[in-house]
Amino acid sequence: MTDIRPPLAVLFVCLGNICRSPLAEAAFRAEAAKAGLDVVVDSAGTGDWHVGKAPDKRAQAEARRHGIDISAYAARQVTVRDFARFTHIFALDGDNLSDLRAIAPAGHKARLSLLMDMVPGREGAGVNDPYYGGPEAFEASWADVSAAARALVERLAR
Ligand code: 4NP
C-alpha cells in the first residue's frame, strides 16, 4: 500500500536540553526503532545555558542503565524554525509549553502539546525537573518519558 502520510518529525523540549528532553529523545528513538517507525527525532531546550554540552552525567547514567548511550547528544536551543521542521513538538512541562507558545510563529502547523498528554491518566502533568534531585529523580524522569514514548509510538504507528 502506498504511504500517503507526510513524514513524521518529533521534537522534545525541556528547559536545559541536558536532562529530561535527551532522555525523552532516547526513549522515543528506542521505541520507534522497535516498532519500525520512520521518524525524525530531536530534542532542544527553551534556555541557552547548556548549548553544545553533552547531557548531564546523571541523565547519561540513567540512559545507560536502559542500554542507551546518549553521550554524543549535544544541547541546542529551540528556534522558531523548529515549528516548520517538526510535525510534533512535545513540551516536558507546563513552563516549557508556555515558553514554546510564546515564540510559536502565527499559523504554524506543528502539533504542540505536553508530552504526558500522550499517557492516559497523566494528561496535563509535567515531567518533574530532576536537575536538583538525586538519581531517583532521574529514574522518575525515565519512567515518565519511557511511558510517553511507548504511548506516542503506538499512536503514530496507527
Ligand atoms: P532539563 O533540566 O530542563 O531537564 O534539561 C535542567 C537543566 C539545567 C537547568 C535546569 C533544568 N539549569 O538551571 O541549568
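At a relative accessibility of 3%, Asn-17 is classed as buried; the term buried denotes a relative accessible area under 20%, exposed one over 50%, and partly exposed a value in between, with a 1.4 Å probe and with protein chains only. The model is predicted, so local features require pLDDT of at least 70 and side-chain atom pairs pLDDT 80 or more, whereas totals for chains, interfaces and linings use all residues. Residue numbers start from 1 along each chain as its sequence is written, and side-chain values use heavy atoms, with hydrogens and water left out.

Asn-17 sits in the loop between β1 (8-14) and α1 (20-35). Helices (H or I, at least four residues) and strands (E, at least two) are DSSP runs numbered from the N terminus. The phi angle of Asn-17 is near 60 degrees, which is a positive value in a residue other than glycine.

## The ligand shell

Which residues are around the ligand? They are Cys-14, Leu-15, Gly-16, Asn-17, Ile-18, Cys-19, Arg-20, His-50, Asp-129, Tyr-131 and Tyr-132; a residue is near a molecule if one of its heavy atoms lies within 4 Å of it. Sorted by class, this shell holds six nonpolar, three polar and two charged residues. In that scheme Ala, Val, Leu, Ile, Met, Phe, Trp, Tyr, Cys and Pro count as nonpolar, Asp, Glu, Lys and Arg as charged, and the others, Gly among them, as polar.

Polar contacts are pairs of N or O atoms within 3.5 Å; within protein, one atom must be able to donate a hydrogen and the other to accept it, and residues adjacent in sequence count only if both atoms are side-chain atoms. Oxygen atoms of the ligand take part in several such pairs: a side-chain N or O atom of Arg-20 is 2.7 Å from a ligand oxygen, a backbone N or O atom of Cys-19 lies 2.9 Å from a ligand oxygen, and a polar side-chain atom of Asp-129 lies 3.3 Å from a ligand oxygen. On its own the ligand has 360 Å² of accessible area, and the protein covers 90% of it. These areas come from the Shrake-Rupley method with a 1.4 Å probe, and for residues only the protein chains shown count as cover.

## Aromatic pairs

A pair of aromatic rings is described by the distance of the centres and the angle of the planes. Rings of Phe, Tyr and Trp (its six-membered ring) pair if their centres lie within 6.5 Å; planes under 30 degrees apart count as stacked, over 60 as edge-to-face and the rest as tilted. The structure holds three aromatic pairs. Tyr-131 and Tyr-132 have ring centres 4.9 Å apart and planes at 80 degrees, so this pair is edge-to-face.

Both tyrosines are also listed around the ligand. Tyr-131 is partly exposed, at a relative accessible area of 30%, whereas Tyr-132 is exposed at 76%. Elsewhere, ring pairs link Phe-12, Phe-28 and Phe-90 into a cluster.

Asp-93 belongs to the loop between β3 (88-91) and α4 (94-103). Is Asp-93 buried or exposed? Its relative accessible area is 16%, so Asp-93 is buried. A polar atom of the Asp-93 side chain is 2.8 Å from the backbone nitrogen of Asn-96. With neighbours within four places in sequence left aside, Asp-93 is in contact (heavy atoms within 4.5 Å) with Arg-20, Leu-114, Gly-126 and Val-127. Arg-20 is also one of the residues around the ligand.

Gly-94 lies in helix α4 and, at 37% relative accessibility, is partly exposed. Gly-94 and Leu-115 are 21 residues apart along the chain, and their C-alpha atoms are separated by 9.8 Å.

Glu-62 is buried at 5% relative accessibility, while Arg-65 is exposed at 53%. Not counting residues up to four places away in sequence, Glu-62 touches Phe-138, Glu-139 and Trp-142.

Gly-67 is placed in the loop between α2 and α3 (82-85). Its relative accessibility of 69% makes Gly-67 exposed. From C-alpha to C-alpha, Gly-67 and Val-41 are 18 Å apart in space, and they are 26 residues apart in sequence.
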